[in-house]
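Thanks for making time. I will go through one structure this morning, starting with charged pairs and then moving to helices and packing.

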Amino acid sequence: MTQSLEIAQLGNPILRQLARPIDNVHEEHIQKLIEALKAKAVAANGVGIAAPQVSQSCRLFIVASRPNPRYPNAPRMEPTAMINPQLVAHSDEMVKDWEGCLSIPGIRGLVPRYQAIEVEYTNQQGKLQRQQFTDFVARIVQHEYDHLNGIVFLDRVESTQDLIKEDDYQQGIGNKHSSQG
């Protein structure tokens with residue numbers, strides 16, 4: 001299934017739609033989609049990926065933070081499937097940092113996000129989880145959660161002045177604003 005997963009690019013209407021809830025986590029096609037999304041995130045050097053990004057309208061995303069060429073300072077964690085997630089609490093503090101997106105290649109944006117969040121979700125085994133995330137991983141979760149609601153990071157950038165080319169970011173031009181991204 002991994003080979004058939006094409007990343008939907010900005011302009012594809014699925015990226016602007018509200019994703020449908022998943023009724024049964026244990027369905028074979030959902031379990032296969034979870035595994036395929038995990039593999040796709042790794043193969044594309046992403047730290048997360050949402051089902052709408054592979055043209056699947058369902059409330060599912062993967063958080064797979066680890067150092068890679070796109071995010072060399074990312075913390076390491078096990079890839080985690082979050083099904084039907086709900087943002088249940090967040091800090092008052094917002095932090096601006098650079099984000100990119102597999103569906104919007106070649107661009108980074110300086111995006112304000114909550115520094116800490118609490119999320120309730122169903123895991124791959126069908127168990128309800130409630131977890132707190134901070135800093136970079138909280139940013140990933142919020143970014144992927146937005147995809148389930150038809151929002152892309154460009155919608156959250158406060159000014160076009162906060163956009164740069166990926167190449168410039170990789171050369172360190174964007175790092176004067178942040179050390180995380």
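Start with Glu118 and Arg130, whose side chains form a salt bridge with an N to O distance of 2.6 Å. Glu118 sits in strand S6, residues 116-122, and Arg130 in strand S7, residues 128-134, so the bridge ties together parts 12 residues apart in sequence. Glu118 counts as buried, because its relative accessibility is 17% and the cut-off for buried is under 20%. Keep in mind that this is a predicted model.

Salt bridges with shared partners also make one network, which joins Glu99, Arg113, Arg139, Asp146 and Arg156. In general, side chains of opposite charge can pair when their charged atoms come close. The count of salt bridges here comes to 12.

Arg113 and Asp146 form a salt bridge, and their closest N and O atoms are 2.8 Å apart. Arg113 belongs to strand S5 and Asp146 to helix H2, so to speak distant parts of the chain, 33 residues apart. Are these two residues buried or exposed? Arg113 is buried, with a relative accessible area of 3%, and Asp146 is buried as well, at 4%.

Now a pair with other surroundings. Arg16 and Asp155 form a salt bridge in which the closest N and O atoms are 2.4 Å apart. Arg16 is in the segment before H1, while Asp155 is in the loop between H2 and strand S8 (163-165), so this pair ties together parts that are 139 residues apart in sequence. Arg16 is partly exposed, with a relative accessible area of 42%. Asp155 is partly exposed too, with a value of 42%.

On to the helices. Helix H2 covers residues 135-148, which is 14 residues, and reaches 21 Å from first C-alpha to last, close to the 20 Å expected at 1.5 Å a residue. How many of the residues of H2 are buried? The count is 13 of the 14, so H2 is largely enclosed by the rest of the structure. After H2 comes Gly150, with a positive phi near 75 degrees.

For H1, the 16 residues should span 22 Å at 1.5 Å a residue, and the end C-alpha atoms are 22 Å apart, which agrees. The buried residues of H1 are Ile30, Leu33, Ile34, Ala36, Leu37, Lys38, Lys40 and Ala41. They pack against strand S1 (48-50), S2 and S3. Just after H1, Asn45 has a positive phi of about 60 degrees.

One last residue. Where does Ser103 lie? Ser103 is in the loop between strand S4 (94-101) and strand S5 (104-114). Ser103 is buried, with a relative accessible area of 0%. Leaving out residues up to four places away in sequence, Ser103 touches Ile7, Ala8, Gln9, Leu10, Leu15 and Gln53.

That is the end of my part.

Technical notes
Residues numbered from 1 in each chain as written. Predicted model: local features only at pLDDT ≥ 70, side-chain atom pairs only at ≥ 80, totals over all residues. Heavy atoms only, no water. Helix = DSSP H or I, 4+ residues; strand = E, 2+ residues; numbered from the N terminus. Buried < 20%, exposed > 50% of the residue type's maximum accessible area, 1.4 Å probe, protein only. Contact = heavy atoms within 4.5 Å. Expected span 1.5 Å × (residues − 1). Salt bridge = Lys/Arg side-chain N within 4 Å of Asp/Glu carboxyl O.
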